[in-house]
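Hi everyone, thanks for coming. I'd like to walk you through one protein model today, so please have a look at it with me.

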Amino acid sequence: MTMTKINIPILDLKAQYQSIATEVEAAVIQVLRSTHYVLGPNLKAFEEESAKFLNSKYAIGCANGSDALYLALLALDVKPGDEVITTPFTYVATAEAITQIGARPVFADIDLETYNICPNALESKITNKTKAIIVVHLYGQACKMNEIMAIAQKHNLKVVEDTAQAFGTKYQDKYAGTIGDIGTYSFYPTKNFSCAGDGGMLTTNNDYLAERLTRIRAHGSSKRYYHDELGVNSRLDEIQAVILRVKLRHINAWNHRRAIIANRYTQTLNQSNHKDFVLHPPKVIGQSNHIYHQYTMRIESEKPSETRDMIKAKLAEQGINTEIYYPLALHMQKLYLDMGHKPEDFPSAYTAAQSVLCLPVYPELKSEHVDYICEALTKL
Ligand SMILES: Cc1ncc(COP(=O)(O)O)c(C=O)c1O
């Protein structure tokens, strides 16, 4: 029996907007009428509400997730010549912040099953120039933070958690982003917790770092027109803050719905039986939940990237849109070719880039569409 084609985008922002339009529009109109657009009461309230939600002592809004990383490194006094260890399998912004500050990104390979940085690989990269580590909780699952924090303490290193893809993820009894020295967040529209443009945030439990981050996001100023140190202009405006305040009320339910959809995919992939390839569901480690910012399966075959093209095309023929996050690991990006790496320097990151494929996963995805996708996966 042939299936009737249904068009399913990788993300449906309109569906989410429609579900909260009344709340969001009322809140935005209030901001517009107030004419208080920057560093106002909604930012303050959002910072307090998200700090409470994440059980973090402080939350500090900023302009986007890339700035959050840069501000974190500035506040931690990472300087030119320092080395910062990070994953080669992430969005470029993670490493870019290290380069922008003049420090050197040093890549450590991932665990192929979780796509997150491998603690042993990380430890093997430590030198006397290493100042900090940036871990990335990729796709919505936390890194192995116990192991990573133990390594950081042993070697006296600072830890930044890039939580752009993991707002609401828990690692044991703590939220991702609140375990290391500083957590950074992005509210870019495609994120699981997003605003209507660019937005970002930092969390910390450290009084000194909180004060410093608050200062350097606003030109190093603690008092208007008095500048204590070099900073930048990176503020989360009132319209974005008020939208995030509305959405914070829904985030638990949304993350929960993502996990329900993901479980259906995982069951389907576990039962699927294909002749020339294996579809691996994402593996979830014991200490972390997974909020499935992305649902990322991995294709195992003789030629994974060719098999992936074939699967992507077959699903697209049936109206199912998929994405590859990310097709090229950072050590092979033109930007970093001068580091002289070969693909096999980070074999798991290289393999992941050849073989991952993300399926549509968002809270508004209808159950019958999930069924449709599962059926298509079974029949590949
Ligand atoms: C892992 C990761 N880090 C950093 C960023 C940068 O965030 P932004 O786009 O808000 O600058 C993103 C998202 O784009 C991301 O996915």
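Two notes before that. This is a predicted model, in which local features need pLDDT of at least 70, side-chain atom pairs count only at pLDDT 80 or more, and totals for chains, interfaces and linings use all residues. Residues are numbered from 1 along each chain as its sequence is written.

Let's start with the domains. The protein chain is assigned domain 1 (14-248) and domain 2 (251-378); such bounds come from an automatic or database domain assignment. Taken over C-alpha atoms, the centres of domain 1 and domain 2 are 25 Å apart. Across the boundary, 36 residues of domain 1 are in contact with 31 residues of domain 2, where contact puts the C-beta atoms, placed from the backbone, within 7 Å.

Which elements give two or more residues to the side of domain 1 that touches domain 2? They are helix H1 (13-34), strand E6 (170-171) and helix H8 (238-248). H1 gives the most, with three residues. These names are DSSP runs, numbered from the N terminus: helices (H or I) have at least four residues and strands (E) at least two.

Now for strand E1, residues 58-62. Five of its five residues are buried, meaning that 20 or more other C-beta atoms lie within 10 Å of the residue's own; exposed is 12 or fewer, partly exposed is in between, and C-beta atoms are placed from the backbone. In a regular strand, side chains alternate between the two faces of the sheet. Here Tyr-58, Ile-60 and Cys-62 point one way from E1, and Ala-59 and Gly-61 the other way. E1 pairs with strand E9 (residues 200-204) in the antiparallel sense, over five bridges; to count as paired, two strands need at least two DSSP bridges.

Next, the ligand. It is surrounded by 15 residues, and the closest are Asn-64, Gly-65, Ser-66, Ala-164 and Ser-186. To be near it, a residue needs its C-beta atom, placed from the backbone, within 6 Å. Helix H3 (65-75) and helix H4 (93-100) each give two or more residues to this shell.

Finally, Pro-327 sits in the loop between helix H10 (304-317) and helix H11 (347-355). Is Pro-327 buried or exposed? Pro-327 counts as exposed because it has 12 C-beta neighbours inside 10 Å.

How values were computed. Two residues are in contact if their C-beta atoms, placed from the backbone, lie within 7 Å.
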